[in-house]
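This report describes selected features of one protein model.

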Amino acid sequence: MGSAPPHDALLPLDPETFAAESRPVIDFLSGYYRDVDKYPVRSAAEPGRLRTLLPDTPPEHGDPVDVILEDVQRHIVPGLTHWQSPNFFAYFPMNVSTAGFAGEMLSTGLNVVPFAWAASPAATALEGVVVDWMCKLVGLPDRFLFSGGGGGVLHGSTCEAVVCTLAAARDRALSRLGHEAIMRLVVYASDQSHSTFQKGARIIGIPPSNFRVIPTLAASGYGLTAGSVQGAVEADVASGLVPLYLCATIGTTGVGAVDPVRQLGEVTRRHGMWLHVDAAYAGSALICPEFQDCIDGAEVADSVSMNPHKWFLTNMDCCCLWVASPALLTSALSSNPEYLNNVSEGGADQVVDYKDWQIALSRPFRAMKLWVVLRRYGAAGMRAYIRRHVQMAKWFERTVSTDERFEVVTPRRFSLVAFRLRPRHEGDHAVDAMNRKLLVAINASGRAFMTHFVVDNKFVVRMAVGGAMTQMRHVQDAWELVKEKAKELGALPTDGRFG
(Lines give C-alpha, C1' and ligand atoms only; values in the text may rest on other atoms or scores of the structure.)
Protein backbone atom coordinates (compact mmCIF):
# COMPACT_ATOMS: atom_id res chain seq x y z
CA MET A 1 0.00 0.00 0.00
CA GLY A 2 0.99 3.64 -0.34
CA SER A 3 3.03 3.05 -3.51
CA ALA A 4 1.20 5.60 -5.65
CA PRO A 5 3.20 8.69 -6.74
CA PRO A 6 3.40 11.60 -4.27
CA HIS A 7 0.87 14.35 -4.72
CA ASP A 8 3.35 16.72 -6.31
CA ALA A 9 3.95 14.17 -9.08
CA LEU A 10 0.30 13.19 -9.54
CA LEU A 11 -0.78 13.01 -13.17
CA PRO A 12 -4.46 12.04 -12.80
CA LEU A 13 -5.22 11.74 -16.51
CA ASP A 14 -1.99 10.51 -18.01
CA PRO A 15 -3.02 8.54 -21.15
CA GLU A 16 -0.64 5.63 -20.50
CA THR A 17 -1.72 5.30 -16.89
CA PHE A 18 -5.34 5.58 -17.95
CA ALA A 19 -4.97 2.60 -20.32
CA ALA A 20 -2.95 0.55 -17.83
CA GLU A 21 -5.32 1.06 -14.91
CA SER A 22 -8.50 0.64 -16.93
CA ARG A 23 -7.63 -2.85 -18.11
CA PRO A 24 -7.71 -4.43 -14.63
CA VAL A 25 -11.13 -2.87 -14.01
CA ILE A 26 -12.53 -4.37 -17.21
CA ASP A 27 -10.96 -7.73 -16.33
CA PHE A 28 -12.51 -7.50 -12.87
CA LEU A 29 -15.97 -6.81 -14.30
CA SER A 30 -15.60 -9.55 -16.89
CA GLY A 31 -14.85 -12.01 -14.12
CA TYR A 32 -17.76 -10.69 -12.08
CA TYR A 33 -20.22 -11.20 -14.94
CA ARG A 34 -18.81 -14.67 -15.57
CA ASP A 35 -19.34 -15.71 -11.96
CA VAL A 36 -22.32 -13.58 -10.93
CA ASP A 37 -24.72 -16.51 -10.90
CA LYS A 38 -22.60 -18.15 -8.20
CA TYR A 39 -23.37 -15.43 -5.67
CA PRO A 40 -26.52 -15.39 -3.53
CA VAL A 41 -28.74 -13.07 -5.55
CA ARG A 42 -29.88 -10.97 -2.60
CA SER A 43 -27.26 -9.89 -0.12
CA ALA A 44 -27.63 -10.86 3.51
CA ALA A 45 -25.30 -8.05 4.63
CA GLU A 46 -26.02 -6.63 8.05
CA PRO A 47 -26.37 -2.87 8.58
CA GLY A 48 -23.14 -1.34 9.82
CA ARG A 49 -20.97 -4.28 8.76
CA LEU A 50 -19.06 -2.44 6.03
CA ARG A 51 -18.15 0.41 8.35
CA THR A 52 -16.36 -2.06 10.64
CA LEU A 53 -14.26 -3.29 7.70
CA LEU A 54 -13.07 0.09 6.43
CA PRO A 55 -10.83 2.67 8.11
CA ASP A 56 -12.35 5.66 9.88
CA THR A 57 -10.35 8.11 7.76
CA PRO A 58 -9.31 8.25 4.10
CA PRO A 59 -5.79 7.13 3.19
CA GLU A 60 -3.04 9.70 3.33
CA HIS A 61 -1.39 8.16 0.30
CA GLY A 62 -3.08 6.41 -2.59
CA ASP A 63 -3.18 2.66 -3.26
CA PRO A 64 -2.55 0.81 -6.52
CA VAL A 65 -5.61 -0.17 -8.53
CA ASP A 66 -5.08 -3.89 -7.91
CA VAL A 67 -5.17 -3.33 -4.14
CA ILE A 68 -8.38 -1.32 -4.47
CA LEU A 69 -9.95 -4.06 -6.60
CA GLU A 70 -9.00 -6.65 -4.01
CA ASP A 71 -10.95 -4.67 -1.43
CA VAL A 72 -13.89 -4.36 -3.81
CA GLN A 73 -13.95 -8.14 -4.12
CA ARG A 74 -13.42 -8.72 -0.41
CA HIS A 75 -15.65 -6.05 1.15
CA ILE A 76 -18.06 -4.68 -1.45
CA VAL A 77 -19.17 -7.58 -3.64
CA PRO A 78 -20.40 -9.73 -0.71
CA GLY A 79 -22.64 -6.87 0.39
CA LEU A 80 -24.29 -6.36 -3.00
CA THR A 81 -27.63 -7.55 -4.25
CA HIS A 82 -26.70 -8.77 -7.70
CA TRP A 83 -29.00 -7.01 -10.13
CA GLN A 84 -27.18 -8.52 -13.11
CA SER A 85 -27.60 -12.08 -11.89
CA PRO A 86 -29.58 -14.18 -14.37
CA ASN A 87 -31.64 -15.24 -11.33
CA PHE A 88 -32.71 -11.71 -10.44
CA PHE A 89 -36.49 -11.48 -10.94
CA ALA A 90 -37.29 -8.72 -8.43
CA TYR A 91 -38.63 -5.20 -8.95
CA PHE A 92 -38.02 -4.58 -12.66
CA PRO A 93 -34.84 -5.39 -14.60
CA MET A 94 -32.00 -2.89 -14.63
CA ASN A 95 -30.13 -3.83 -17.75
CA VAL A 96 -26.43 -3.74 -18.48
CA SER A 97 -24.89 -4.65 -21.82
CA THR A 98 -21.54 -4.59 -23.54
CA ALA A 99 -22.77 -1.78 -25.80
CA GLY A 100 -24.28 0.08 -22.85
CA PHE A 101 -21.01 -0.21 -20.97
CA ALA A 102 -19.03 0.97 -24.01
CA GLY A 103 -21.37 3.94 -24.34
CA GLU A 104 -21.03 4.66 -20.64
CA MET A 105 -17.23 4.60 -20.93
CA LEU A 106 -17.37 7.04 -23.81
CA SER A 107 -19.80 9.26 -21.92
CA THR A 108 -17.82 9.35 -18.69
CA GLY A 109 -14.48 9.42 -20.48
CA LEU A 110 -15.37 12.43 -22.60
CA ASN A 111 -17.04 13.89 -19.49
CA VAL A 112 -18.71 16.80 -21.22
CA VAL A 113 -21.55 18.66 -19.49
CA PRO A 114 -24.15 19.50 -22.17
CA PHE A 115 -26.44 21.78 -20.17
CA ALA A 116 -26.45 24.36 -22.96
CA TRP A 117 -25.81 24.17 -26.67
CA ALA A 118 -22.54 26.05 -26.40
CA ALA A 119 -21.35 23.76 -23.59
CA SER A 120 -21.13 20.84 -26.05
CA PRO A 121 -23.03 21.21 -29.33
CA ALA A 122 -22.54 17.64 -30.57
CA ALA A 123 -23.79 16.18 -27.28
CA THR A 124 -26.95 18.28 -27.41
CA ALA A 125 -27.48 17.47 -31.07
CA LEU A 126 -26.99 13.74 -30.50
CA GLU A 127 -29.54 13.80 -27.69
CA GLY A 128 -32.08 15.33 -30.03
CA VAL A 129 -31.36 12.62 -32.58
CA VAL A 130 -31.65 9.66 -30.21
CA VAL A 131 -34.85 10.83 -28.52
CA ASP A 132 -36.40 11.23 -31.98
CA TRP A 133 -35.17 7.74 -32.89
CA MET A 134 -36.72 6.31 -29.73
CA CYS A 135 -39.93 8.24 -30.31
CA LYS A 136 -40.31 6.56 -33.68
CA LEU A 137 -39.32 3.13 -32.37
CA VAL A 138 -41.96 3.05 -29.63
CA GLY A 139 -44.67 4.29 -32.00
CA LEU A 140 -45.36 7.74 -30.61
CA PRO A 141 -47.10 10.24 -32.90
CA ASP A 142 -45.13 12.89 -34.77
CA ARG A 143 -46.23 15.60 -32.36
CA PHE A 144 -43.54 14.35 -29.95
CA LEU A 145 -40.76 14.75 -32.52
CA PHE A 146 -38.74 17.94 -32.71
CA SER A 147 -39.81 18.24 -36.34
CA GLY A 148 -43.44 17.95 -35.23
CA GLY A 149 -43.30 20.76 -32.68
CA GLY A 150 -42.55 18.56 -29.69
CA GLY A 151 -39.30 17.12 -28.44
CA GLY A 152 -37.53 14.88 -25.99
CA VAL A 153 -34.89 14.91 -23.29
CA LEU A 154 -32.90 12.27 -21.41
CA HIS A 155 -33.44 12.44 -17.65
CA GLY A 156 -31.99 10.25 -14.93
CA SER A 157 -35.27 8.69 -13.84
CA THR A 158 -39.03 8.74 -14.15
CA CYS A 159 -39.14 10.62 -10.85
CA GLU A 160 -37.45 13.60 -12.46
CA ALA A 161 -39.70 13.40 -15.53
CA VAL A 162 -42.75 13.38 -13.29
CA VAL A 163 -41.67 16.42 -11.26
CA CYS A 164 -40.85 18.36 -14.43
CA THR A 165 -44.16 17.60 -16.15
CA LEU A 166 -46.11 18.31 -12.97
CA ALA A 167 -44.36 21.68 -12.72
CA ALA A 168 -45.22 22.44 -16.34
CA ALA A 169 -48.87 21.50 -15.78
CA ARG A 170 -49.00 23.56 -12.56
CA ASP A 171 -47.57 26.69 -14.17
CA ARG A 172 -49.86 26.39 -17.17
CA ALA A 173 -52.87 26.30 -14.84
CA LEU A 174 -51.66 29.03 -12.49
CA SER A 175 -50.92 31.40 -15.36
CA ARG A 176 -54.65 31.35 -15.94
CA LEU A 177 -55.94 31.06 -12.37
CA GLY A 178 -53.37 33.01 -10.34
CA HIS A 179 -50.77 31.59 -7.97
CA GLU A 180 -53.11 31.45 -4.99
CA ALA A 181 -55.11 28.77 -6.83
CA ILE A 182 -52.41 26.17 -6.17
CA MET A 183 -54.41 24.96 -3.18
CA ARG A 184 -57.25 24.02 -5.54
CA LEU A 185 -55.24 21.95 -8.00
CA VAL A 186 -55.83 18.18 -8.03
CA VAL A 187 -53.63 15.35 -9.32
CA TYR A 188 -55.06 11.92 -10.23
CA ALA A 189 -53.53 8.44 -10.50
CA SER A 190 -54.67 4.89 -9.98
CA ASP A 191 -54.02 2.63 -7.02
CA GLN A 192 -51.57 0.85 -9.33
CA SER A 193 -49.59 3.97 -10.31
CA HIS A 194 -46.05 4.38 -9.05
CA SER A 195 -45.68 6.20 -5.75
CA THR A 196 -43.39 8.73 -7.41
CA PHE A 197 -46.46 10.63 -8.58
CA GLN A 198 -47.55 11.31 -5.01
CA LYS A 199 -44.02 12.39 -4.13
CA GLY A 200 -43.82 14.61 -7.21
CA ALA A 201 -47.16 16.25 -6.44
CA ARG A 202 -45.95 17.14 -2.93
CA ILE A 203 -42.68 18.54 -4.27
CA ILE A 204 -44.42 20.98 -6.62
CA GLY A 205 -46.78 22.19 -3.89
CA ILE A 206 -49.98 20.18 -4.38
CA PRO A 207 -51.66 19.63 -1.00
CA PRO A 208 -51.61 15.91 -0.08
CA SER A 209 -55.38 16.08 0.36
CA ASN A 210 -55.63 16.98 -3.34
CA PHE A 211 -54.05 13.79 -4.61
CA ARG A 212 -56.65 11.30 -5.79
CA VAL A 213 -55.89 7.57 -5.79
CA ILE A 214 -58.55 6.00 -8.00
CA PRO A 215 -59.34 2.33 -7.27
CA THR A 216 -59.02 -0.25 -10.03
CA LEU A 217 -60.70 -3.63 -10.40
CA ALA A 218 -59.84 -7.05 -11.74
CA ALA A 219 -62.57 -6.63 -14.37
CA SER A 220 -60.46 -3.95 -16.10
CA GLY A 221 -57.20 -5.82 -15.59
CA TYR A 222 -56.43 -3.31 -12.83
CA GLY A 223 -56.29 -0.53 -15.39
CA LEU A 224 -58.02 2.80 -14.93
CA THR A 225 -61.38 3.31 -16.58
CA ALA A 226 -62.55 6.54 -18.12
CA GLY A 227 -65.73 6.33 -16.05
CA SER A 228 -63.89 6.15 -12.73
CA VAL A 229 -61.68 9.09 -13.65
CA GLN A 230 -64.64 11.12 -14.93
CA GLY A 231 -66.51 10.49 -11.69
CA ALA A 232 -63.59 11.64 -9.54
CA VAL A 233 -63.02 14.72 -11.69
CA GLU A 234 -66.67 15.76 -11.68
CA ALA A 235 -66.83 15.42 -7.90
CA ASP A 236 -63.83 17.71 -7.51
CA VAL A 237 -65.18 20.27 -9.98
CA ALA A 238 -68.45 20.34 -8.04
CA SER A 239 -66.42 21.10 -4.91
CA GLY A 240 -64.70 24.06 -6.54
CA LEU A 241 -61.40 22.28 -7.18
CA VAL A 242 -59.39 22.33 -10.41
CA PRO A 243 -58.38 19.02 -12.06
CA LEU A 244 -54.74 19.42 -13.09
CA TYR A 245 -52.94 16.22 -14.06
CA LEU A 246 -53.64 12.54 -14.71
CA CYS A 247 -51.10 9.75 -14.89
CA ALA A 248 -51.85 6.86 -17.23
CA THR A 249 -49.52 3.89 -16.90
CA ILE A 250 -48.44 1.32 -19.44
CA GLY A 251 -47.13 -1.60 -17.39
CA THR A 252 -47.76 -0.86 -13.72
CA THR A 253 -45.21 -1.94 -11.14
CA GLY A 254 -47.45 -4.39 -9.33
CA VAL A 255 -49.10 -6.44 -12.06
CA GLY A 256 -48.15 -4.78 -15.37
CA ALA A 257 -51.59 -3.24 -15.91
CA VAL A 258 -52.22 -1.00 -18.92
CA ASP A 259 -54.41 2.09 -18.69
CA PRO A 260 -56.50 2.99 -21.77
CA VAL A 261 -54.73 6.11 -22.99
CA ARG A 262 -57.26 7.16 -25.62
CA GLN A 263 -60.31 7.01 -23.35
CA LEU A 264 -58.47 8.73 -20.51
CA GLY A 265 -57.27 11.40 -22.92
CA GLU A 266 -60.84 12.22 -23.85
CA VAL A 267 -61.57 12.92 -20.18
CA THR A 268 -58.47 15.06 -19.68
CA ARG A 269 -59.16 17.11 -22.80
CA ARG A 270 -62.71 17.88 -21.70
CA HIS A 271 -61.39 19.26 -18.43
CA GLY A 272 -58.20 20.95 -19.65
CA MET A 273 -55.95 18.53 -17.73
CA TRP A 274 -52.41 17.43 -18.43
CA LEU A 275 -52.15 13.74 -19.40
CA HIS A 276 -48.84 12.01 -18.72
CA VAL A 277 -48.18 8.45 -19.90
CA ASP A 278 -45.73 6.54 -17.69
CA ALA A 279 -44.21 3.64 -19.63
CA ALA A 280 -41.05 3.34 -17.51
CA TYR A 281 -40.90 -0.46 -17.70
CA ALA A 282 -43.09 -1.52 -20.60
CA GLY A 283 -42.08 1.30 -22.92
CA SER A 284 -39.23 -0.90 -24.14
CA ALA A 285 -41.75 -3.50 -25.35
CA LEU A 286 -43.51 -0.87 -27.47
CA ILE A 287 -40.77 -1.23 -30.08
CA CYS A 288 -42.49 -4.52 -30.98
CA PRO A 289 -45.53 -3.98 -33.23
CA GLU A 290 -47.57 -6.52 -31.26
CA PHE A 291 -47.46 -4.23 -28.21
CA GLN A 292 -48.03 -0.86 -29.85
CA ASP A 293 -51.78 -1.04 -29.31
CA CYS A 294 -50.95 -0.28 -25.67
CA ILE A 295 -49.96 3.26 -26.68
CA ASP A 296 -53.09 3.85 -28.77
CA GLY A 297 -54.31 7.37 -28.20
CA ALA A 298 -50.90 8.86 -27.40
CA GLU A 299 -51.76 11.81 -29.65
CA VAL A 300 -53.97 13.14 -26.86
CA ALA A 301 -51.20 12.94 -24.25
CA ASP A 302 -49.12 15.92 -23.19
CA SER A 303 -46.05 13.88 -22.20
CA VAL A 304 -44.71 10.33 -22.26
CA SER A 305 -41.77 8.75 -20.45
CA MET A 306 -39.93 5.42 -20.54
CA ASN A 307 -36.68 4.10 -19.06
CA PRO A 308 -34.12 2.52 -21.41
CA HIS A 309 -32.12 1.64 -18.29
CA LYS A 310 -34.76 -0.89 -17.29
CA TRP A 311 -35.27 -3.23 -20.24
CA PHE A 312 -33.41 -1.63 -23.15
CA LEU A 313 -29.82 -2.67 -22.44
CA THR A 314 -28.78 0.88 -21.53
CA ASN A 315 -26.78 1.18 -18.31
CA MET A 316 -28.09 3.39 -15.52
CA ASP A 317 -29.27 6.04 -15.70
CA CYS A 318 -31.41 6.93 -18.70
CA CYS A 319 -35.06 8.01 -18.94
CA CYS A 320 -36.67 9.33 -22.12
CA LEU A 321 -39.21 12.11 -21.63
CA TRP A 322 -41.17 13.45 -24.59
CA VAL A 323 -43.41 16.51 -24.45
CA ALA A 324 -45.85 17.79 -27.06
CA SER A 325 -45.18 21.41 -26.08
CA PRO A 326 -41.56 22.06 -25.06
CA ALA A 327 -42.40 25.71 -24.37
CA LEU A 328 -44.61 24.68 -21.44
CA LEU A 329 -41.77 22.63 -19.96
CA THR A 330 -39.07 25.27 -20.41
CA SER A 331 -41.35 28.02 -19.14
CA ALA A 332 -41.59 26.17 -15.82
CA LEU A 333 -37.94 25.11 -15.58
CA SER A 334 -35.77 27.69 -17.30
CA SER A 335 -33.37 30.13 -15.71
CA ASN A 336 -31.22 32.44 -17.76
CA PRO A 337 -28.33 34.03 -15.87
CA GLU A 338 -26.09 36.00 -18.15
CA TYR A 339 -23.12 33.68 -17.68
CA LEU A 340 -25.10 30.77 -19.20
CA ASN A 341 -26.41 32.56 -22.26
CA ASN A 342 -25.24 31.34 -25.65
CA VAL A 343 -23.08 33.94 -27.41
CA SER A 344 -22.77 33.32 -31.15
CA GLU A 345 -23.05 34.98 -34.50
CA GLY A 346 -26.69 33.98 -34.70
CA GLY A 347 -29.17 31.15 -34.36
CA ALA A 348 -29.00 30.97 -30.56
CA ASP A 349 -32.79 31.09 -30.42
CA GLN A 350 -32.96 27.96 -32.58
CA VAL A 351 -30.94 25.65 -30.35
CA VAL A 352 -31.94 23.50 -27.39
CA ASP A 353 -30.53 24.26 -23.95
CA TYR A 354 -31.30 21.10 -21.99
CA LYS A 355 -30.75 22.85 -18.66
CA ASP A 356 -34.24 24.24 -19.24
CA TRP A 357 -35.74 20.75 -19.66
CA GLN A 358 -34.70 19.39 -16.26
CA ILE A 359 -34.30 20.21 -12.58
CA ALA A 360 -30.51 20.29 -12.28
CA LEU A 361 -28.12 22.44 -14.24
CA SER A 362 -25.35 19.89 -14.79
CA ARG A 363 -26.06 16.71 -16.70
CA PRO A 364 -24.11 13.78 -18.14
CA PHE A 365 -23.75 12.81 -21.79
CA ARG A 366 -26.51 10.16 -21.62
CA ALA A 367 -27.20 10.31 -25.33
CA MET A 368 -23.87 8.64 -26.07
CA LYS A 369 -24.70 5.35 -24.36
CA LEU A 370 -28.22 5.13 -25.80
CA TRP A 371 -26.82 5.92 -29.25
CA VAL A 372 -24.19 3.19 -28.92
CA VAL A 373 -26.84 0.66 -27.85
CA LEU A 374 -29.04 1.54 -30.83
CA ARG A 375 -26.09 1.49 -33.22
CA ARG A 376 -24.67 -1.80 -31.90
CA TYR A 377 -27.85 -3.88 -31.60
CA GLY A 378 -30.27 -2.18 -33.98
CA ALA A 379 -34.05 -2.20 -33.77
CA ALA A 380 -34.28 -5.83 -34.92
CA GLY A 381 -31.85 -6.99 -32.26
CA MET A 382 -33.69 -5.13 -29.54
CA ARG A 383 -37.05 -6.56 -30.62
CA ALA A 384 -35.63 -10.07 -30.50
CA TYR A 385 -34.25 -9.36 -27.02
CA ILE A 386 -37.62 -8.16 -25.70
CA ARG A 387 -39.52 -11.02 -27.30
CA ARG A 388 -37.19 -13.60 -25.78
CA HIS A 389 -38.06 -12.40 -22.28
CA VAL A 390 -41.76 -12.31 -23.10
CA GLN A 391 -41.59 -15.93 -24.25
CA MET A 392 -39.88 -16.92 -21.01
CA ALA A 393 -42.61 -15.20 -19.01
CA LYS A 394 -45.29 -16.91 -21.08
CA TRP A 395 -43.72 -20.26 -20.26
CA PHE A 396 -43.65 -19.42 -16.56
CA GLU A 397 -47.28 -18.27 -16.59
CA ARG A 398 -48.43 -21.38 -18.43
CA THR A 399 -46.47 -23.67 -16.12
CA VAL A 400 -47.77 -22.03 -12.95
CA SER A 401 -51.31 -22.29 -14.28
CA THR A 402 -51.03 -26.05 -14.72
CA ASP A 403 -50.07 -26.62 -11.07
CA GLU A 404 -53.23 -26.79 -8.98
CA ARG A 405 -51.46 -25.46 -5.90
CA PHE A 406 -50.90 -22.08 -7.56
CA GLU A 407 -52.82 -19.40 -9.39
CA VAL A 408 -51.83 -16.59 -11.72
CA VAL A 409 -53.56 -13.65 -10.06
CA THR A 410 -53.92 -11.55 -13.21
CA PRO A 411 -53.05 -12.44 -16.80
CA ARG A 412 -49.40 -11.87 -17.65
CA ARG A 413 -48.50 -8.53 -19.13
CA PHE A 414 -45.24 -8.18 -21.05
CA SER A 415 -42.68 -10.20 -19.04
CA LEU A 416 -44.22 -9.87 -15.57
CA VAL A 417 -46.12 -12.74 -13.91
CA ALA A 418 -47.98 -12.22 -10.61
CA PHE A 419 -48.81 -15.52 -8.90
CA ARG A 420 -49.46 -17.07 -5.51
CA LEU A 421 -50.35 -20.25 -3.68
CA ARG A 422 -54.09 -20.77 -3.84
CA PRO A 423 -56.30 -20.48 -0.75
CA ARG A 424 -57.12 -23.81 0.89
CA HIS A 425 -60.78 -22.89 1.10
CA GLU A 426 -63.14 -19.95 0.79
CA GLY A 427 -62.20 -17.23 3.26
CA ASP A 428 -58.77 -18.71 3.96
CA HIS A 429 -57.08 -15.90 5.86
CA ALA A 430 -53.82 -17.82 6.23
CA VAL A 431 -53.09 -17.77 2.52
CA ASP A 432 -51.31 -14.40 2.62
CA ALA A 433 -49.08 -15.54 5.48
CA MET A 434 -48.24 -18.69 3.54
CA ASN A 435 -47.30 -16.69 0.45
CA ARG A 436 -45.14 -14.38 2.54
CA LYS A 437 -43.33 -17.43 3.89
CA LEU A 438 -42.95 -18.75 0.36
CA LEU A 439 -41.34 -15.50 -0.82
CA VAL A 440 -39.02 -15.38 2.21
CA ALA A 441 -37.93 -18.98 1.56
CA ILE A 442 -37.28 -18.33 -2.13
CA ASN A 443 -35.12 -15.30 -1.40
CA ALA A 444 -33.34 -16.85 1.57
CA SER A 445 -32.15 -19.68 -0.66
CA GLY A 446 -29.92 -17.24 -2.56
CA ARG A 447 -30.87 -19.03 -5.78
CA ALA A 448 -33.36 -16.37 -6.93
CA PHE A 449 -34.72 -13.02 -5.86
CA MET A 450 -38.35 -12.01 -6.30
CA THR A 451 -40.51 -9.29 -4.77
CA HIS A 452 -44.19 -8.97 -3.91
CA PHE A 453 -47.23 -6.80 -4.38
CA VAL A 454 -50.65 -6.58 -2.77
CA VAL A 455 -53.62 -6.36 -5.13
CA ASP A 456 -57.26 -6.74 -4.10
CA ASN A 457 -55.93 -7.44 -0.62
CA LYS A 458 -54.04 -10.45 -1.97
CA PHE A 459 -50.34 -10.90 -1.29
CA VAL A 460 -48.82 -11.96 -4.61
CA VAL A 461 -45.32 -12.90 -5.72
CA ARG A 462 -43.92 -11.04 -8.75
CA MET A 463 -41.74 -12.81 -11.29
CA ALA A 464 -40.22 -10.08 -13.49
CA VAL A 465 -38.19 -11.60 -16.33
CA GLY A 466 -35.78 -9.28 -18.10
CA GLY A 467 -32.16 -9.73 -17.09
CA ALA A 468 -29.52 -9.31 -19.75
CA MET A 469 -28.05 -12.74 -18.91
CA THR A 470 -31.30 -14.53 -18.09
CA GLN A 471 -31.99 -17.60 -20.22
CA MET A 472 -34.87 -20.06 -20.23
CA ARG A 473 -32.98 -22.44 -17.96
CA HIS A 474 -32.85 -19.77 -15.27
CA VAL A 475 -36.62 -19.29 -15.45
CA GLN A 476 -37.10 -23.06 -15.29
CA ASP A 477 -34.76 -23.28 -12.30
CA ALA A 478 -36.77 -20.53 -10.60
CA TRP A 479 -39.95 -22.55 -11.04
CA GLU A 480 -38.28 -25.64 -9.59
CA LEU A 481 -37.22 -23.51 -6.62
CA VAL A 482 -40.76 -22.21 -6.13
CA LYS A 483 -42.14 -25.75 -6.11
CA GLU A 484 -39.42 -26.95 -3.74
CA LYS A 485 -40.09 -24.21 -1.20
CA ALA A 486 -43.86 -24.63 -1.50
CA LYS A 487 -43.50 -28.30 -0.71
CA GLU A 488 -41.30 -27.55 2.29
CA LEU A 489 -44.03 -25.22 3.55
CA GLY A 490 -46.62 -27.99 3.27
CA ALA A 491 -48.19 -27.18 -0.07
CA LEU A 492 -48.18 -30.71 -1.43
CA PRO A 493 -48.87 -31.54 -5.06
CA THR A 494 -51.13 -34.46 -4.25
CA ASP A 495 -54.38 -32.62 -3.56
CA GLY A 496 -53.42 -29.07 -4.42
CA ARG A 497 -53.86 -27.86 -0.86
CA PHE A 498 -51.63 -27.08 2.05
CA GLY A 499 -50.68 -29.96 4.32
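## Basis of the description

Two strands are said to pair if DSSP finds at least two bridges between them. Helices (H or I, at least four residues) and strands (E, at least two) are DSSP runs, numbered from the N terminus.

The model is predicted: local features need pLDDT of at least 70, side-chain atom pairs count only at pLDDT 80 or more, and totals for chains, interfaces and linings use all residues. Residues are numbered from 1 along each chain as its sequence is written, and side-chain values use heavy atoms, with hydrogens and water left out.

## The four-strand sheet

An open sheet of 4 strands is arranged in the order E8-E9-E11-E10, with antiparallel pairing. E8 and strand E10 (451-455) lie at the edges with a single partner strand each, so one side of each has no neighbour in the sheet. On average, neighbouring strands of this sheet are turned by 35 degrees against each other, direction ignored; angles run from 0 to 180 degrees between N-to-C directions, and axes are lines fitted to C-alpha atoms, for helices over the stretch in contact.

Helix H12 (residues 366-401) packs on the sheet and touches E8, E9 and E11; its direction makes about 150 degrees with that of E8. Contact here means heavy atoms within 4.5 Å.

Strand E9 (residues 416-421) is mostly covered, as 6 of its 6 residues are buried. Buried means under 20% relative accessible area, exposed over 50%, and partly exposed in between (1.4 Å probe, protein chains only). Leu416, Ala418 and Arg420 point one way from E9, while Val417, Phe419 and Leu421 point the other way, and all are buried.

Strand E8 (residues 406-413) runs antiparallel to E9 and is joined to it by 5 bridges. Thr410 stands opposite Ala418 in E9, and Arg413 has Leu416 of E9 as its bridge partner. E8 and E9 form a hairpin with 2 residues between them, and Phe414 in the turn has a positive phi of about 60 degrees. E9 also pairs with strand E11 (residues 458-464) in the antiparallel sense, over 4 bridges; there Leu416 stands opposite Ala464.

## Packing of H4 and H12

The axes of helix H4 (residues 98-110) and H12 come within 8 Å and cross at roughly 150 degrees. H4 and H12 are therefore roughly antiparallel to each other; angles under 35 degrees count as roughly parallel, over 145 as roughly antiparallel, 65 to 115 as roughly perpendicular and the rest as oblique. Residues making the contact include Ala99, Gly103, Leu106 and Leu110 of H4, and Met368, Val372, Val373 and Tyr377 of H12.

## Thr253

Thr253 lies in the loop between strand E4 (242-249) and helix H9 (261-270). With 32% relative accessibility, Thr253 counts as partly exposed. Not counting residues up to four places away in sequence, Thr253 touches Phe92, Gln192, His194, Leu416 and Arg462. Thr253 and Ala280 are 27 residues apart in sequence and 9.3 Å apart in space, C-alpha to C-alpha.

## Cysteines

The structure holds 0 disulfides, a disulfide being a pair of cysteine sulfur atoms within 2.5 Å. For Cys319, which is in no disulfide, the nearest cysteine sulfur is that of Cys320, 6.8 Å away. Cys319 is buried, with a relative accessible area of 0%. Cys320 is likewise in no disulfide, and its nearest cysteine sulfur, that of Cys318, is 5.3 Å away. Cys320 is buried, with a relative accessible area of 0%.
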